[in-house]
Each structure stands twice: as structure tokens, then as C-alpha cells.
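The following note sets out numbered points for a colleague who has the sequence and the structure at hand. Each point may be checked against the coordinates in turn.

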Amino acid sequence: MNIQIVSDAKKTKHDLIVLPFFQGQDIAGIYKKYFGGTLTSPLSSRDFKNKIGRTQLLYTAGDVPSRILLLGLGEQSKFSFAAWRLAVQTAMTALLGLNVENVLIVMPVVKASEATRYLELTAFALTFGAYQFDQYQHATPDEKKTVPNNFYILSKLKGRSANEALAAGQLIGNSANEARDLGNHPANIATPSHLAAHAIALSKKHKFFCRIMNREDIKKEGMGLILGIAQGSSEPAKFIILEYGDKKQPPVVLIGKGLTFDSGGVSIKPSDKMEEMKYDMAGGADVLAIFGAAAGLKLPLHLIGLVPAVENLPSGTASRPGDVLTAHNGQTVEIITTDAEGRMVLADAISFAKKHYNPKLILEYSTLTGAVVAALGNQLTGFFTNTPAVVKNFSDAAKLTDEKFWMLPLEDSYKDQLKSQFADMKNVGERGSAGAITAALFLQNFVGETPWVHFDIAGTAWTTQPKPHLAAGATAWGVYLTMEFLRNL
Ligand code: BES
Ligand code: MN
Ligand code: ZN
């Protein structure tokens, strides 16, 4: 997919125009402004309710081109980055399968100070919206959905910053799509070894450091929680380490839960929807994608990425409820349920980060709890932090990327729920009592005073139902948000 800016619609060869318009705007007037010709269509406002992302394909006679995709933007006073992202991704869904090669997109008129960011967002949304995961399906040629080759963005902006914005949007969009791929691949393909191989390939492509610790290395390092979770599977655990940038600065450490499959282990999950637990590595995929994008954009930062990649299965060698494991920091943990495995592998990764890297900030992404889905559903990530100063930075970033979150408290008094009779702590709190919070408190025990944000993406990393603007499956929640956050650091 090739995306470029054009300044003159009439000089650009295209076979479809995407024409966005606000409620109450005169479509024929907009058309005339850009294309000079007269657009005659019997479309009335009664046929088309102008809501964000509504589309209507018009076949027009006479004036070229013959196809116009009207794109509703809703009320002009409520227009936002979020509205444009939704609209562009919905337009892309409408374009897939139309068999058009060259698409001209008219940019809506926005504030001059935001115009470049709207360009980046357009490139991101086109790339993200074109994503399809169909590599395991044999489609006949007429079933195959084709992505238009060329997008011409009609805009007054030009020059280096405009082109850089388009390139950045595409790069981040492609990185997010790679994370979606990792989440959508079945667990028999996307194993810990597969994640490790992907990390190595990424590090070669973008020239950053990558080291894979295998079982022996993990044992020598003393990461007993990771080993305890991994020991039920014949897929060997991999501890992925990435490093990018200026080693003289204290790093931002990105940690992602990399459970390539979570059956629950001996405390096995109910079979309903268990197949979705292949996305339990979505946090790890986020970290890999953020690294690719950050290195691609040459961010002037020092970044460490850590992904404990593990499979959680029951077997004759699996850990049992009641087992006591020793964590990397020396603390002992009693397993109450083997299904609370994410916090275990993350605890070792957090302790490893603190021992080796002196992090100035830990950002950690995990599909950690069903409780956060019960509390916040699939539109809001659970956001926890011991450093309230970063909340505004993430809120600002979310205005661009529309990845929504809601802050939940690290309620100190609930720590009592993690007291164990037999070890320093147990791996779960009371059943049905603030499960997302007690999981975060478990992690906080290992984090200590280091500035840290925990994103519980169990609800937002995956969508079961396809939506007009979003394919079903993995969503790469957090990739764009974090890129925007890191750029503004
Ligand atoms: N990976 C799951 C959390 C999850 C649930 C992710 C639903 C995505 C959708 C996690 O490992 C888990 O099993 N958590 C348990 C914790 C419980 C046993 C304390 C849960 O939430 O049920
Ligand atoms: Mn689990
Ligand atoms: Zn899990």
C-alpha cells in the first residue's frame, strides 16, 4: 500500500474518491470545491444519517470519477482524532473488496496546528484498517478482499514534515499489525520459540540488540516462577531481552506477558472460549511491536524490552496448587491456582529488570485478569500506576490514538488478601473480590518504588465480533498509545 499527498485532485488519476463531510454540509458544494464539476445525486439527508463512520457508495454518471464513497463525520463541533480514526478505518472496510486500485481521499479541514498529526493518523488508520488475517484460509479469487494499491491524500500540506508524518503513521500501523498477527496465529504456531525467532528477526531488521535466554539461562538467573509455570509444557520457555538506543541513559523498560497459550494449567479453565487464550501473549506482542516502531522511528531513548514467553498447560510435570516456588528476588510464592500464571512470569521479569537495568520507568502490558473485563469491558484497559504524574501523559497520548483506559486503585489494604500460610505470599486474593486490583498488588510487591504502569489489557487486546472499523481478533491495544507517549517523553 502506497500513501502519498497530492495537492490537485484533477491532476490525480483515481477510480474512487473518499469524500468526508460533516452533518449539514452540502456534499455537492464540497465536490465542486475540489473537483470543479457538478455532482448530481438524489441522496437526501433522510437516506443518510450523518454519523461518524457511516459510508455510502455513489455511482455517478457523467463527471469522472464514477465512484464516490461518502464518509460521514458527524457533528463538526465534536470532531476529533478519535472520530477520524474510526471514520478512516470504516472507509477502508468499505473499500476492501471493491476492486479499486487508486483512491483519492479528501482530508477534512482541521486546525492548522493539528493538520500534520491528522495526516499521520490517516496513514495509521489506512494501514490498520486494511489488516486481514486470512493466511490459514483458502479463499477463491472472487472471495479474496483486495486492498487498493495507491492512496492519494488531498491536502495542502507538503514537504518533509508531511511526508514524515505519513511514513510514521504507516510504520506504526504496520508494527501494530505485526502484533495482531502474533495474537491471531494459533498457539501451535505462535509458540515461545516462534516469539523468540520473531524478536531476533525484528532486531536484525532494525539493528537493535536481542538476547534469548533458554531454560538453562532462566534457571541460572533464578527465575523460579517462570520455570514453575513453564514446566507443564513441552514447549521450552524463552525469556526475550531487547535493547535499543543510548545506553548512557537510564532506560524505560517495557515488559509484556507472553503466555502463548493459557489453559489454566492443572487449575484448568472451562472449555468455553478457551481457544481465545492464544492471545494471552498480546502484551508480549505489544512490546515487540513497540520496539520495531521505536527503532524504525529512531526515537532518542534507551529502551529495554522483556518478554517472558511461556505456555501454561497441565501435565505430569506441571506445577500443582499448593506448590511453593522461589521468585527471582528470593521471595517464595504459594500457588493457589495455576491459572494465576501471568503475574508469576511477570514478577520474575520485573525483578530481573530492577536487578540489571535501573529502570527510570517500567511499562508493563498483560492480559492479566478476567476481573478487569468484568469491571471495564472491552473498550477500556485497566490502568494502574504508582506514579500518578504519568497519567496525564497517557491521557494526552490517548486523545490522538483513541486507546481508552480507566485508572484503578492500588488499594493498599487489599494486600492482606495475598498473605499465605506457607510462603511469603500466595498468587491470588479472595475469589470474586477486586481481582484486577489484587493481581496488580501482587506485581507491585516486586516493583517496589520503581515508577511503573501496569496495563491490564485482558478486555481490550481482543475482539470477538468484527466491527465496521475493526476486524475480529487481536487489536494491538497499546502500541500506538505507547509510541505517542514515548515520542513525547
Ligand atoms: N489470561 C488470564 C486472564 C484473561 C481472562 C485474559 C480472560 C483474557 C480474557 C489469566 O491468566 C487468568 O487466568 N486469570 C485468572 C486469575 C484468577 C485465577 C485469580 C482470572 O482472571 O480468572
Ligand atoms: Mn491464567
Ligand atoms: Zn493468562
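This is a predicted model: local features need pLDDT of at least 70, side-chain atom pairs count only at pLDDT 80 or more; totals for chains, interfaces and linings use all residues.

1. Asn 358 is located in the loop that connects H9 with strand S14 (361-366). Its phi angle is near 45°, a positive value in a residue other than glycine. With a relative accessible area of 56%, Asn 358 is exposed, since the cut-off for that class is over 50%.

2. Lys 207 counts as exposed, at 73% relative accessibility.

3. The metal site deserves attention next. Lys 257 (NZ), Asp 262 (OD), Asp 280 (OD) and Glu 341 (OE) coordinate the zinc ion (ligand 3), at 2.0 to 2.4 Å. Six donor atoms surround the zinc ion (ligand 3), and because the angles they subtend run from 78 to 172°, the arrangement is octahedral. For comparison, ideal angles for six octahedral donors are 90 or 180 degrees.

4. Along the sequence, the spacing of the donor residues of the zinc ion (ligand 3) is K-x4-D-x17-D-x60-E. Lys 257 belongs to the loop between strand S9 (252-256) and strand S10 (258-262), while Glu 341 belongs to the loop between strand S13 (332-334) and helix H9 (342-357); the pair therefore ties together parts that are 84 residues apart in sequence. Lys 257 is buried, at a relative accessible area of 2%, and Glu 341 is buried as well, at 1% relative accessibility. The threshold for that class is under 20%.

5. Which residue bridges the zinc ion (ligand 3) and the manganese ion (ligand 2)? Asp 262 does so, and the two ions lie 3.2 Å apart.

6. Strand S10 is mostly covered, with five of its five residues buried. It runs parallel to strand S11 (residues 302-312), to which four bridges join it. Within this pairing, Leu 259 has Val 310 in S11 as its bridge partner. Strands of a sheet pair through backbone hydrogen bonds, in either the parallel or the antiparallel sense.

7. A separate point concerns an open sheet of three strands, ordered S12-S13-S17, in which the pairing is mixed. Its edge strands, each pairing on one side only, are strand S12 (324-326) and strand S17 (425-426). Two bridges hold S13 and S17 in the parallel sense, and Val 333 stands opposite Met 425 in S17.

8. The largest pocket contains about 1,100 Å³ of space. Its lining comprises 38 residues, and those nearest its centre are Lys 269, Asp 339, Thr 369, Gly 370 and Ala 371. Two or more lining residues come from each of H9, helix H10 (370-376), helix H12 (435-447) and strand S19 (462-463). H10 gives the largest share, three residues. By class, the lining holds 12 nonpolar, 14 polar and 12 charged residues.

9. The second largest pocket holds about 600 Å³ of space. Of the 26 residues that line it, Tyr 131, Gln 132, Phe 133, Asp 134 and Ala 471 lie nearest its centre. Helix H2 (81-95), helix H3 (115-129) and helix H4 (160-184) each give two or more residues to this lining. The lining of the second largest pocket divides into 11 nonpolar, nine polar and six charged residues.

10. How many cavities of 30 Å³ or more does the structure hold? There are two. The largest cavity has about 50 Å³ of space, and its lining includes Gly 228, Ile 229, Gly 232, Gly 265, Val 266 and Asn 312. Leu 313, Ala 318, Ser 319 and Thr 338 are also among the lining residues. Four residues of this lining are nonpolar, six are polar and none is charged.

11. The second largest cavity holds about 40 Å³ of space. It is lined by Val 18, Leu 71, Trp 84, Val 88, Ala 91, Leu 95, Ile 105, Leu 126 and Phe 151. H2 supplies the largest share of this lining, four residues. The nine lining residues of the second largest cavity are nonpolar, with no polar and no charged residues.

Note on methods: Residues are numbered from 1 along each chain as its sequence is written. Chains are lettered from A and ligands numbered from 1 in the order in which they are written. Side-chain values use heavy atoms; hydrogens and water are left out. Donors are N, O and S atoms within 2.8 Å of the metal (3.2 Å for Na, K and Ca); water is not among the atoms, so sites may look incomplete. Four donors count as tetrahedral if all angles lie between 85 and 135 degrees; four count as square planar and six as octahedral if opposite donors are over 155 degrees apart and all others between 65 and 115; anything else is irregular. Buried means under 20% relative accessible area, exposed over 50%, partly exposed in between (1.4 Å probe, protein chains only). On a 1 Å grid over the protein atoms alone, a cavity is a set of points where a 1.4 Å probe fits but cannot get out, and a pocket is an open set with protein on both sides within 12 Å along at least five of seven lines; lining residues have an atom within 4 Å of a point. Grid points are joined across faces, edges and corners, and a volume is the space filled by probe spheres set on the points. Ala, Val, Leu, Ile, Met, Phe, Trp, Tyr, Cys and Pro count as nonpolar, Asp, Glu, Lys and Arg as charged, and the others, Gly among them, as polar. Two strands pair if DSSP finds at least two bridges between them.
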